[in-house]
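Work through the following exercises with the sequence and the structure side by side, and try each task before reading its solution.

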Amino acid sequence: MKIFSMLVIGLIREGKVPADNRVALTPAQCRFLMKNVENVVVYVEPSPNRCYSDSEYEKAGAILSNDLSNCNLLLGIKEVPVSQLIPNKRYMFFSHTKKLQPYNRALMQAMVLKNITLIDYECLEHNDGQRIIGFGFFAGIVGAHNGIMAYGNRTGAFKLERVHKIKDYRALIHTYFGLKLPPIKIAVTGSGRVAHGILEIMNLLDVQEVEPDEYLSKSFDYPVYVHLKGNNLYQHSINKTYHRNHFHEHPEEYSCLFEQYAGHTDILMNGIYWGTNVPRLFSMESMQSNHFKIQTIADITDDKHGSVPCNLGDATIDNPVYGVNKLTGEQTDPYLPNSVDVMAVGNLPNELPRDASRYFGEQLIKYILDDVRKGGAAVIERATILDKGKLTEPFEYLKDYAALD
């Protein structure tokens, strides 16, 4: 029998401001690992901001300590501040560096300097490119709720409570009982975890799905949604076809078909992944047209000036919605005449932190941690951006980005 080396996990304190309250592993998951998996120990750096208390981790058998120097895998959620990086360690967190994000270049350079190994959650993928773990499902749930809430606030047709004021997802579901939505039309974009979360809320609110042609040609006396995936949204500019792999390799060769839906949509729920070469769903200029009927946009994937061009940047959990003047494109207060309301928040799952963390940790345990413990797994190697401070082959395109000034 092969004896695997000890996996000493350290749950780090979130240092990014504002502090994230989600965790990579819940106390119950820590207990499960130490009880059922050989050679696993979990240390927890004390924190006042987690959705689970230090005492809950201690009761689960984890070791509370401000010293994580003996850990060989450090787990976080958001980017680690440069001042908190421990040299020569192996980290897993969302680094937000693979798109050469300028605001994290200093972090990348510091990790190079400190000989750090970085495994990025965002890069953990199955062989077909499907993401393995993430918070997208709960981002979709919270984002869809907030989008419906914003529409109710604008029109006065109904009222929804804020998610973060509700205990958990189960309690959130109970708030929908008896809620009757007006006969609105909702466009849902995307096919990944975010979209699945949006569709969950559509089903809970008894919003009926209709086909794209019905959505464009018919009126309904009850709320409906259309689910627009890649083949509904994009078309090759010359041969008028859509092939998923080709689109992802050459998005600049495609045109977007969404604007035909803008004249029939009250609420847009956006859940598509966006890159700089991907066509936007619509233009800022098209918002000035009488054809543009969208009143509320929940941009759940939240790319500033991205697939939703009127995303002017992050809002906050406390104030998740702002307005955008349709004529000037300038940011305004929400719910004003001649404006579109935009819900764009980068940490939506923080409104349901325990549910989101539990879901995340389950995926981490099911698909990732055993491969980390055993070593040599291709899925881990593909997600390793830095190996002891050096870029791995798939990420050599980050060479200039990671180079020290």
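## Exercise 1: The overall fold

The protein chain in this predicted model has 13 helices and 18 strands. Task: find out how the radius of gyration of the protein chain compares with what the globule rule gives for 405 residues.

Solution. Next, look along the principal axes, where the C-alpha trace spans about 65 × 50 × 40 Å. Then turn to burial, and note that 53% of the 405 residues count as buried. Finally, consider the contacts between residues at least 6 apart in sequence, of which 70% join residues at least 24 apart.

## Exercise 2: Surface and charge

## Exercise 3: Cysteines

Task: explain why the sulfurs of C51 and C71 are too far from the closest cysteine sulfur for a bond.

Solution. First recall the cut-off, which is that a disulfide needs two cysteine sulfur atoms within 2.5 Å. For C51, the closest cysteine sulfur belongs to C30 and is 12 Å away, which is too far for a bond. For C71, the closest cysteine sulfur is also in C30, at 11 Å, and this too is too far. A search of the whole structure accordingly reports zero disulfides. As a last step, compare the accessibilities with the limit for burial, which is under 20%: C51 counts as buried because its relative accessibility is 13%, and C71 counts as buried because its value is 1%.

## Exercise 4: Helix 3 and its cover

Task: name buried residues of helix 3 and elements that cover them.

Solution. Helix 3 runs over residues 105-113, and within it L107, M108, Q109, A110 and M111 are buried. The cover over these buried residues includes strand 5 (90-93) and strand 6 (117-120), together with strand 17 (384-387) and helix 13 (399-402). Following helix 3 comes N115, whose phi is positive, near 55°.

## Exercise 5: Backbone angles in loops

Task: describe the peptide bond from V17 to P18, and decide whether N88 and D302 are buried or exposed.

Solution. The bond from V17 to P18 is cis, with omega near -5°, and P18 sits in the loop between strand 1 (7-11) and helix 1 (27-36). N88, in the loop between strand 4 (73-75) and strand 5, has a positive phi near 65°. D302, in the loop between strand 13 (296-299) and strand 14 (321-325), has a positive phi of about 55° although it is not a glycine. To settle their surroundings, apply the limits of under 20% for buried and over 50% for exposed: N88 is exposed because its relative accessible area is 57%, whereas D302 is buried because its value is 15%.

Technical notes:
Residues are numbered from 1 along each chain as its sequence is written. This is a predicted model: local features need pLDDT of at least 70, side-chain atom pairs count only at pLDDT 80 or more; totals for chains, interfaces and linings use all residues. Side-chain values use heavy atoms; hydrogens and water are left out. Helices (H or I, at least four residues) and strands (E, at least two) are DSSP runs, numbered from the N terminus. The radius of gyration is taken over C-alpha atoms; the globule rule is 2.2 Å times the number of residues to the power 0.38. Buried means under 20% relative accessible area, exposed over 50%, partly exposed in between (1.4 Å probe, protein chains only). Contact means heavy atoms within 4.5 Å.
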